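Subject: Structure handover

Hello,

Please find the structure below. My notes on what turned up in it follow.

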Amino acid sequence: MAAGLMLLPLVAMAETNASHGESMPLHSEPAAYTEASRDLLASLTLPSLNRPSYASRTSDLIYLDNGVVLEGGDLETIDGYTSGFRLTAGFSPVNLPQLDLGAEFTYRESDEVPTRYSDQALLVNTTTLGGSLVAGVRMGQLGFYAKSGFAEWEGDPVTQSEPLYMATTGTARIQGFGARLQHNRLVSRLEFEEIDAPSMAHLNLITASLHFAF
């Protein structure tokens, strides 16, 4: 409707000029709008952005202009002892687009975790900061990744005894690996992560997930 109203004055002007012997092509005026073909619109769309092999299906991703991919998500164990968050920044080399490299930062808090010290049962509240390097590879619908780093942790026993308090701090190594398989809209994921410290055994995780996009 809008196009018809805008074109009517141009047609009237052309007929008036033509009656006086002057020629004025309609295309000399800029068009109000043009209808793009389906092929043209497809050529202007951004290419599909690949999800890194280490990224969780439920996490949020931010793609920066420089090629860095940011991932953030909450962490929570099934037993309810631990909660926190994870932040990962990664990229894929230009000459190796199927390779994923990144760095991961985690923060976790655990409440009243049962543990033992010198054959004595304790309930400990722990805070853990971790940093790891992550590397993965995507091979079609299948992806593998591994991580390695360190965690600094501190424990606060419910019984506030100074010797016990000093014994529940330290640094430990983080290691883990995982795999992801995607078939059409079905995505399955398996991950294992371990902190190499007896007092942090409650943070060792084996997670499996299955997602189907509707």
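A residue is called buried when its relative accessible area is under 20%. Lys-147 has a relative accessibility of 6%, so Lys-147 counts as buried. Please keep in mind that this is a predicted model.

Salt bridges

The count of salt bridges comes to nine. Lys-147 takes part in one of them, with Glu-104, where the closest N and O atoms are 3.2 Å apart. This pair links distant parts of the chain, since Glu-104 is in strand β4 and Lys-147 is in strand β6, 43 residues apart. Glu-104 is buried as well, because its relative accessible area is 9%.

Glu-193 and Arg-108 form another salt bridge, with 2.3 Å between the closest N and O atoms. Here too distant parts of the chain are linked: Glu-193 lies in strand β8 and Arg-108 in strand β4, 85 residues apart. Glu-193 has a relative accessible area of 2% and is therefore buried; Arg-108, with 4%, is also buried.

Arg-86 and Glu-191 meet through their side chains in a salt bridge of 4.0 Å, N to O.

Largest pocket

The largest pocket holds about 730 Å³ of space. Its lining has 34 residues, and those nearest the centre are Asp-74, Leu-75, Arg-86, Arg-189 and Thr-207. Elements that give two or more residues to this lining are β2 (69-76), β3 (82-91), β4 (99-117), β6, β8 (186-195) and β9 (205-212).

β5 and β6 run antiparallel and are joined by 16 bridges. Thr-127 has Glu-154 in β6 as its bridge partner. The two strands form a hairpin with two residues between them, and Gly-140 in the turn has a positive phi of about 70°. β6 also pairs with β7 (residues 169-183), in the antiparallel sense, over 13 bridges. Gly-143 stands opposite Arg-180 in β7.

Nonpolar patch

Val-137, Met-139, Leu-142, Phe-144 and Leu-181 make a nonpolar surface patch of about 390 Å². β5 (120-139) and β6 (142-157) are the elements that give two or more residues to the patch. Phe-144, in strand β6, has a relative accessibility of 36% and so counts as partly exposed.

Regards

Note on methods. Residues are numbered from 1 along each chain as its sequence is written. This is a predicted model: local features need pLDDT of at least 70, side-chain atom pairs count only at pLDDT 80 or more; totals for chains, interfaces and linings use all residues. Side-chain values use heavy atoms; hydrogens and water are left out. Patches are made of residues with over 30% relative accessible area and no salt bridge: like charges are joined within 9 Å, nonpolar side chains (Val, Leu, Ile, Met, Phe, Trp, Tyr) within 5 Å. Accessible areas come from the Shrake-Rupley method with a 1.4 Å probe; for residues, only the protein chains shown count as cover. Helices (H or I, at least four residues) and strands (E, at least two) are DSSP runs, numbered from the N terminus. Buried means under 20% relative accessible area, exposed over 50%, partly exposed in between (1.4 Å probe, protein chains only). Two strands pair if DSSP finds at least two bridges between them. On a 1 Å grid over the protein atoms alone, a cavity is a set of points where a 1.4 Å probe fits but cannot get out, and a pocket is an open set with protein on both sides within 12 Å along at least five of seven lines; lining residues have an atom within 4 Å of a point. Grid points are joined across faces, edges and corners, and a volume is the space filled by probe spheres set on the points.
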